[in-house]
Amino acid sequence: MNETDMILLPKGLKALKQVAKQVGLDLRGAYVNLDGGFDSTHNRKMIFNAGMIGSSTANRGLRTTAQ
């Protein structure tokens, strides 16, 4: 089954956190460098809640500003 990376990111991040915990690695403050296609409020929040720093290229098309 082919799935887009956007769908796989939550599972992948969870797996990364589990492996890091098992080997005693602290991911807080680690940079997560992703393509602009991953730039969404949900993904940024997931990365932030994991204590990591997202450095994906902003996808300006998904963001709106109040006027």
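## Ser40 and its loop

Ser40 sits in the loop between strand E1 (31-32) and helix H2 (41-49). Helices (H or I, at least four residues) and strands (E, at least two) are DSSP runs, numbered from the N terminus. This is a predicted model: local features need pLDDT of at least 70, side-chain atom pairs count only at pLDDT 80 or more, and totals for chains, interfaces and linings use all residues. Residues are numbered from 1 along each chain as its sequence is written, and side-chain values use heavy atoms, with hydrogens and water left out.

Is Ser40 buried or exposed? Ser40 counts as buried because its relative accessibility is 16%. The cut-offs are these: buried means under 20% relative accessible area, exposed over 50%, and partly exposed in between (1.4 Å probe, protein chains only).

The side chain of Ser40 reaches the backbone nitrogen of Asn43 at 3.1 Å. Asn43 lies in helix H2. Asn43 has a relative accessible area of 3%, so this residue is buried.

Which residues does Asn43 touch, leaving aside its neighbours within four places in sequence? Asn43 is in contact with Met6, Leu9 and Phe38. Contact means heavy atoms within 4.5 Å.

## The overall layout

The protein has 2 helices and 2 strands. Along the sequence, the pattern reads α-β-α-β. Of its 67 residues, 22% count as buried.

Among contacts with a separation of 6 or more, 40% come from residues 24 or more positions apart. Ile7 belongs to helix H1. Ile7 is partly exposed, because its relative accessible area is 45%.

## The nonpolar core

A nonpolar core is a set of buried Ala, Val, Leu, Ile, Met, Phe, Trp, Tyr and Cys residues joined through side-chain atoms within 4.5 Å. The largest one here has 11 residues: Leu9, Leu13, Ala20, Leu27, Val32, Leu34, Phe38, Met46, Ile47, Ala50 and Met52. Helix H1 (5-23) and H2 are the elements that give two or more residues to this core. H1 supplies the largest share, 3 residues.

Leu13 is one of the core residues. Leaving aside neighbours within four places in sequence, Leu13 is in contact with Met46, Ile47 and Met52.

## The surface

The protein exposes about 5400 Å², and carbon and sulfur atoms supply 55% of it. Accessible areas come from the Shrake-Rupley method with a 1.4 Å probe; for residues, only the protein chains shown count as cover.

Which residues make a nonpolar surface patch of about 290 Å²? Val19, Val23 and Leu25 do. Patches are made of residues with over 30% relative accessible area and no salt bridge; like charges are joined within 9 Å, nonpolar side chains (Val, Leu, Ile, Met, Phe, Trp, Tyr) within 5 Å. Val23 is found in helix H1. Val23 is exposed because its relative accessible area is 61%.

## The salt bridge

A salt bridge is a side-chain nitrogen of Lys or Arg within 4 Å of a carboxyl oxygen of Asp or Glu. By this rule, the count is 1 salt bridge. The side chains of Arg28 and Asp26 meet in a salt bridge at 2.7 Å, N to O.

Arg28 has a relative accessible area of 64%, so Arg28 is exposed. Asp26 counts as partly exposed because its relative accessibility is 46%.

Conventions. A polar contact is a pair of N or O atoms within 3.5 Å; within protein, one must be able to donate a hydrogen and the other to accept it, and residues adjacent in sequence count only if both atoms are side-chain atoms.
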